[in-house]
Amino acid sequence: MRPGRAKKLWNWLAVYAFLYMVFLYAPVILLPLFAFNESTIIAFPLSGFTTEWFTVLVNNDALARSVENSLFVAVTTAVVSTLLGACAARAAARYRFPGQKGVIGFIMLPLVLPEIIVAVALLVVLMQLGFSLSLWTVIAGHILICMPYSIAILSSAFQGLDRNLEEASFDLGETNWGTFKRVIFPLVLPGVISSLLITFTISLDEFIIAFFLTGTDATLPVYIWSQLRFPSKLPSIMALGTILLVLSIILLILAEWFRQRSAKRQGVEAAAGGFI
Amino acid sequence: MSEKPIIELRDVAKSFGTVKALNGINANIREGEFFSLLGPSGCGKTTLLRMIAGFEDPSGGEIVIDGKSMRGIPANRRPTNMVFQSYAIFPHLSVAENVAYGLKRKKLPKTEVTDEVNKALSMVDLSGYGGRAAHELSGGQRQRVALARALVMRPKVVLLDEPLSALDKKLREQMQVELRQLQQSIGITFILVTHDQEEALIMSDRIAVMFEGDIAQIDSPEGLYRHPVSKRVASFIGVMNFLDARTTGQSDAGVSLDIPALGKVTVPASHVPDGLDANSVESVGVRPEMLTILFDERETAEAVAKGVVTSTSYYGDMTYYSVALNETKAPVTLSMRNTAGRSVLPAGSEVRVGWGAESIVLFE
Ligand SMILES: Nc1ncnc2c1ncn2[C@@H]1O[C@H](COP(=O)(O)OP(=O)(O)OP(=O)(O)O)[C@@H](O)[C@H]1O
Ligand SMILES: [Mg+2]
């Protein structure tokens with residue numbers, strides 16, 4: 001290829017990359033832009049700066065309740081799926097049993113299954129079994145979709161754990177529980193924290209399953225959706241979105257930081273197995 | 001070193017499913033000795049060591065440590081400590097914390113723990129390294145930390161599974177000497193697993209040679225080298241020439257043999273293994289350094305055989321010659337120390353080779 005042509009190709013690639021970034025992030029930038037815009041109409045030109053929409057949020061009881069619900073669902077989901085994920089990751093890393101690959105494969109399946117299918121299927125089953133819809137049914141659905149993530153994160157933590165370390169601890173007089181406390185747990189802790197943060201974030205902004213499986217208690221995304229019908233509420237939704245955006249970014253950065261620290265401690269290449 | 005056994009292995013057997021790893025091992029390991037388990041890959045050395053440590057249960061037989069049966073006693077309550085091949089240094093703890101790890105359960109006062117840790121670190125020549133993180137250590141240093149971590153527990157027996165195999169040749173040779181000196185100065189029993197016969201010879205008081213789940217011979221390094229009980233042991237330890245031989249007579253004086261390559265000889269009774277059936281001797285062994293090329297016409301030896309050099313290998317300090325003796329087909333290997341004013345003989349040279357009856361090893 002002649003140098004001139006190569007240069008031309010690079011230019012096109014740069015344009016492509018630029019457009020990609022614009023489509024990906026421009027809408028996200030619009031969110032804070034309109035959150036601080038004085039007008040109730042979401043349109044250019046911008047009219048003036050205000051923090052009114054944020055004060056509106058603070059005095060909204062329904063919103064407060066939905067935030068409470070969401071936090072409850074997200075925390076419970078994060079704890080339970082991380083706990084279950086730790087057990088599965090440990091079993092996969094340490095033991096060999098018949099049908100292991102199949103079992104792990106099934107657990108990871110929700111990763112590629114459309115959420116709407118999971119949601120509808122769960123709804124049908126729960127109705128058939130006579131369960132009434134509540135935050136608990138949402139939690140069940142969220143655990144299902146969060147498990148693959150927590151297993152993937154924790155697997156790399158447990159797989160990096162040298163079996164001899166446990167034996168060395170045992171050999172030095174420590175009990176099973178002491179070995180868990182003093183060796184295993186500290187070494188997988190960064191992975192556990194990273195899993196908690198990621199599953200928390202996934203559950204917090206999950207909409208479809210929450211929409212199908214919740215009863216009278218709306219989670220935050222469901223509440224936001226319900227408010228979109230009222231044009232006057234739009235700016236405060238933008239404000240809310242801005243807050244969520246900032247929180248999500250902070251959580252994901254924290255999660256990745258913990259994961260890399262865990263990998264470094266165990267001397268593993270930090271680049272492997274990351275989500276971000 | 002006393003004769004009192006610190007470890008008794010009685011018919012210790014181990015199977016993994018249908019794989020028989022050990023077929024009933026019997027051995028006594030003496031208090032304070034440096035004992036090596038030597039054998040080719042897969043012969044069951046690690047399995048035996050792990051059973052002594054308590055990581056695996058024997059499928060038969062009994063292990064007795066310091067007079068107490070270890071049946072049902074888990075690793076964390078045995079008076080043994082292990083140095084792992086991978087060293088298994090806790091990566092989230094500093095060097096000092098690694099060494100202090102096992103002391104925590106002993107509930108010692110803090111100052112005493114610090115003292116013990118410092119003592120152990122100076123024992124392995126790592127004074128002042130306590131604050132380092134595990135990943136800031138070289139391979140040799142990690143090995144020392146693992147050793148200090150075991151020694152600080154004051155175990156009755158230290159178990160080492162190929163502790164030097166991850167080090168490069170130079171460092172390995174240095175650590176062999178250091179480890180041996182350390183063991184002698186503190187007087188704790190060491191059991192070393194290795195597949196390196198040279199390492200076992202250099203370091204050990206006694207060596208157990210293992211093949212396929214059985215102990216073939218237990219002896220001192222010199223005993224093993226000079227009086228191997230079988231051709232297999234003989235060829236595993238050092239280099240051994242095997243020569244065809246035929247028994248021509250047996251008396252109180254010894255066993256008379258006709259060895260086509262060397263000549264007729266009577267091996268003195270003191271060099272005939274107990275219980276050897278002289279009539280079943282089909283071959284004998286002789287070490288390369290027990291054969292000497294007589295460079296000077298006037299030099300003599302107990303016995304002399306004529307031969308032709310077929311090839312040579314020059315090692316700097318030594319030269320290994322292949323020599324066809326007495327017109328036999330298979331050449332023997334013999335080694336000569338190189339001295340000033342003596343050059344390596346070219347292939348085809350006719351030589352006189354001196355040897356002696358006492359260097360002949362008999363095999364059934
Ligand atoms: N956990 C296990 N499950 C099944 N078979 C095993 C297990 N551990 C060891 N074996 C088998 O037992 C035999 C002895 O193994 P072992 O590890 O003791 O050998 P080794 O002498 O230490 O060899 P190397 O020098 O290669 O370390 C081998 O045939 C091995 O395949
Ligand atoms: Mg081994």
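In this predicted model, B:D205 and B:R180 form a salt bridge whose closest N and O atoms are 2.8 Å apart. B:D205 lies in the loop between α6 (197–203) and β9 (206–211) of chain B, while B:R180 belongs to helix α5 (residues 169–186) of that chain, so the pair ties together parts that are 25 residues apart in sequence. Both B:D205 and B:R180 are buried. Over all chains, a search of the whole structure finds 19 salt bridges.

**Further salt bridges**

- Salt bridges with shared partners join A:E167, B:R50 and B:E56 into one network.
- B:D66 is paired with B:K156 in a salt bridge, with 3.2 Å between the closest N and O atoms.
- This pair links distant parts of the chain, 90 residues apart: B:D66 is in the loop between β4 (60–65) and β5 (68–69) of chain B, and B:K156 is in the loop between α4 (139–151) and β7 (157–161) of chain B.
- B:D66 is partly exposed at 26% relative accessibility, and B:K156 is also partly exposed, at 38%.

**Interface of chain A and chain B**

- The two chains bury about 1,900 Å² between them, of which 59% is on carbon and sulfur atoms.
- A:D171, A:L172 and A:R182 supply 39% of the area that chain A buries against chain B, more than any other three residues.
- In terms of contacts, 19 residues of chain A meet 21 residues of chain B.
- Between the chains there are 10 residue pairs in polar contact, both residues being at pLDDT 80 or more.
- On the side of chain A that touches chain B, the elements giving two or more residues are α7 (163–171) and α8 (176–204) of chain A; α7(A) gives the most, with 7 residues.
- The rule finds 2 salt bridges across this interface.
- B:R105 and A:E174 form a salt bridge with their closest N and O atoms 2.9 Å apart.
- B:R105 is partly exposed, with a relative accessible area of 44%, whereas A:E174 is buried at 4% relative accessibility.

**Surroundings of B:T194**

- B:T194 is located in strand β8 (residues 189–194) of chain B and is buried, with a relative accessible area of 3%.
- A polar atom of the B:T194 side chain lies 2.9 Å from the backbone nitrogen of B:D196.
- Leaving aside residues up to four places away in sequence, B:T194 touches B:L37, B:L38, B:G39, B:K45, B:E162, B:E199 and B:A200.

**Nonpolar surface patch on chain A**

- A nonpolar patch on the surface is formed by A:L9, A:W10, A:L13, A:Y16, A:Y20, A:M21, A:L24, A:Y25, A:V28 and A:I29, which together have about 1,100 Å² of accessible area.
- Within this group, A:M21 is found in helix α1 (residues 3–35) of chain A and is partly exposed at 45% relative accessibility.

Definitions and conventions
Residues are numbered from 1 along each chain as its sequence is written. Chains are lettered from A and ligands numbered from 1 in the order in which they are written. This is a predicted model: local features need pLDDT of at least 70, side-chain atom pairs count only at pLDDT 80 or more; totals for chains, interfaces and linings use all residues. Side-chain values use heavy atoms; hydrogens and water are left out. Patches are made of residues with over 30% relative accessible area and no salt bridge: like charges are joined within 9 Å, nonpolar side chains (Val, Leu, Ile, Met, Phe, Trp, Tyr) within 5 Å. Accessible areas come from the Shrake-Rupley method with a 1.4 Å probe; for residues, only the protein chains shown count as cover. A salt bridge is a side-chain nitrogen of Lys or Arg within 4 Å of a carboxyl oxygen of Asp or Glu. Helices (H or I, at least four residues) and strands (E, at least two) are DSSP runs, numbered from the N terminus. Buried means under 20% relative accessible area, exposed over 50%, partly exposed in between (1.4 Å probe, protein chains only). Contact means heavy atoms within 4.5 Å. Buried area is the accessible area (1.4 Å probe) that two parts lose on being put together, summed over both. A polar contact is a pair of N or O atoms within 3.5 Å; within protein, one must be able to donate a hydrogen and the other to accept it, and residues adjacent in sequence count only if both atoms are side-chain atoms.
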